[in-house]
Amino acid sequence: MPRAEVRIPSDGDLLAILQQHGPSPELFSRCVHCGLCTSACPTYTELFNENDSPRGRIYLMRLVYEGRMEWNPLVSRHLDLCLDCRACETACPSGVPYGRILEPFRTAVHRAEGKSWWRVGLTRQLLLRIFPYPRRIRVVLWPVRFAQRVGIYQLAENLGLFRLLPRTWRAMVELLPPPVADDGPLPSFVPAVGKPRARVGFFVGCVAEAIFRHIHWATIRVLQQNGCDVIIPRGQACCGAIHFHLGDSTGARRLADQNLATFPWQQLDAIVVNHAGCGAMLKEYPHHWADENQQARKAFSEKVRDINEFLEELGPVRPEGEIRLRATYHDACHLAHAQKIVDPPRKLLRLIRGLELVELPESLICCGSAGTYNLLHPQMADRLARRKLDNIRATGAEIVLASNAGCLLQIMREVRRAKLPVLVLHPMELLDMAYRGLTPPIPGRSSPG
């Protein structure tokens, strides 16, 4: 099916909307175009096109913002190809807040341009109306789960039948990992083991809750072992990142305000999140909307902690179990770059007796997942995923760890494609096994005993 054209907004329309909803103009001037960001940018390191570098994109946005360049499909393509991984923020000596330039700019453009049925149908209907809702995800994925359980999925994959699906559907089907058993729906409250040290709220998210609920259970058990009473509020919503990154700021704000109303954040020591993309979005609520709820959002966001960050602040209890395996850790972009959390996961993993933790080459380079990026730009996402897999091979690790749902899906798919005997886990899964005295089931290896 040919890709339909996207209406190009008139310069007057776009400029007016950029002035009202776009980035603050003074942010553009912070970039001095030194180029130190280019080596950290995934798309630049793959394409070597200045327009696909952070400083190139900032310059393009500034030209459009100031009316010195017309908005056109080529400029749109360069900005769409950005993963918004924010590795450039980590590399930038001037502290340019790239995300606070790109995201409002995309929102303004989204308001100004009319979308084709094809783009609206797949992006807004599928991604916006299904992905932020765990129950809807499970309904949509039920046929795939059924096919996995009865063996049809593997047969279709071996015969190459997935190539007959539309590009976005194919990418989504291929990303889905085999089903993993969990302990069922999460309760509303789980008590600490031993003397309580903290009272925390737990954020479940959308894709994480629909596909990785077993990671939620592992995280909750780790919190229990560290003396935490855990509250899981009913009625909490998606963090809003999917809406926001696709340009729907209004929808993202609605979800943000639902979370503010649902969590008893004033009575909590922390709101704990175990997936990086959700944590980054929750922490940045007050930056996105200046209205009557901004101060409440600020107070809410100040309570948000990534699980790795929270445990380091609390003082983790060392697990008694021993895991004598080699592992490597991939830095999720929105943990390392957006939240600046790099050392805490490694420190926690080093608490596990017998674990050999080796550094992953180019760990800070995006794996290509980037929220919905691997569904919308599968070619670039695949290039980055293969690059990540090559680096994983080089470590000789038996376990790969990542603290984000998108990274886990992306790396799991590449490991399955390559038939590598490597187990892909969230750090909390490995910690939970260490607390419980369990041995990770490495693919192709017989269980002990």
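The chat below covers helix contacts, then a pocket, then cavities.

Q: Before anything else, is this predicted or experimental?
A: It is a predicted model.

Q: OK, helices. At what angle do α12 and α24 pack?
A: About 50°, with the axes 8 Å apart. Helix α12 covers residues 213-225 and helix α24 covers residues 427-436.

Q: What does that make them, oblique or parallel?
A: Oblique to each other, because roughly parallel would need an angle under 35 degrees and roughly perpendicular 65 to 115.

Q: Left-handed or right-handed crossing?
A: Left-handed, as α12 passes α24.

Q: Which residues make the contact?
A: From α12, they are H214, I215, A218, T219, R221, V222 and Q225. From α24, they are M428, E429, L431, D432, Y435 and R436.

Q: How does that contact divide by class?
A: The α12 and α24 contact has 6 nonpolar, 3 polar and 4 charged residues.

Q: Now the α14 and α17 pair. What's the geometry?
A: Helix α14, residues 249-262, packs on helix α17, residues 294-302, at about 65°. Their axes are 11 Å apart. That makes α14 roughly perpendicular to α17.

Q: Which hand is the crossing?
A: α14 passes α17 in a left-handed crossing.

Q: Who touches whom?
A: On the α14 side, R253, D257, N259 and L260. On the α17 side, A296, R297 and F300. By class, the contact of α14 with α17 has 3 nonpolar, 1 polar and 3 charged residues.

Q: How many residues line it, and which are closest to the centre?
A: The second largest pocket is lined by 37 residues. The closest to its centre are P177, P178, V180, M412 and L423.

Q: Which elements give two or more residues to that lining?
A: The helices are α8 (134-150), α9 (152-158), α12, α23 (405-418) and α24. Strand β9 (423-425) is on the list as well.

Q: Which one gives the most?
A: α23, with 5 residues.

Q: What classes are in that lining?
A: The second largest pocket has 19 nonpolar, 5 polar and 13 charged lining residues.

Q: On to cavities. How many of 30 Å³ or more?
A: The structure holds 3. The largest cavity has a volume of about 130 Å³.

Q: What lines the largest cavity?
A: There are 17 lining residues. C31, C37, I58, C92 and V96 are the closest to the centre. α3 (54-65) and α5 (87-91) each supply at least two residues of the lining. The largest share, 3 residues, comes from α3. The lining of the largest cavity divides into 11 nonpolar, 3 polar and 3 charged.

Q: And what about the second largest cavity?
A: About 80 Å³ of space lies in it. It is lined by 13 residues, and the closest to its centre are C41, P42, C82, C85 and C88.

Q: Which helices supply at least two residues there?
A: α2 (42-47), α3 and α5. By class, the lining of the second largest cavity has 9 nonpolar, 1 polar and 3 charged residues.

Methods:
Residues numbered from 1 in each chain as written. Predicted model: local features only at pLDDT ≥ 70, side-chain atom pairs only at ≥ 80, totals over all residues. Heavy atoms only, no water. Axes fitted to C-alpha atoms, helices over the stretch in contact; angles between N-to-C directions. Helix = DSSP H or I, 4+ residues; strand = E, 2+ residues; numbered from the N terminus. Parallel < 35°, antiparallel > 145°, perpendicular 65-115°, else oblique. Left-handed = near helix turned anticlockwise from the far one by under 90°. Contact = heavy atoms within 4.5 Å. Nonpolar A, V, L, I, M, F, W, Y, C, P; charged D, E, K, R; others polar. 1 Å grid on protein atoms, 1.4 Å probe; cavity = no way out; pocket = protein on both sides within 12 Å on 5 of 7 lines; lining within 4 Å. Points joined across faces, edges and corners; volume = space filled by probe spheres on them.
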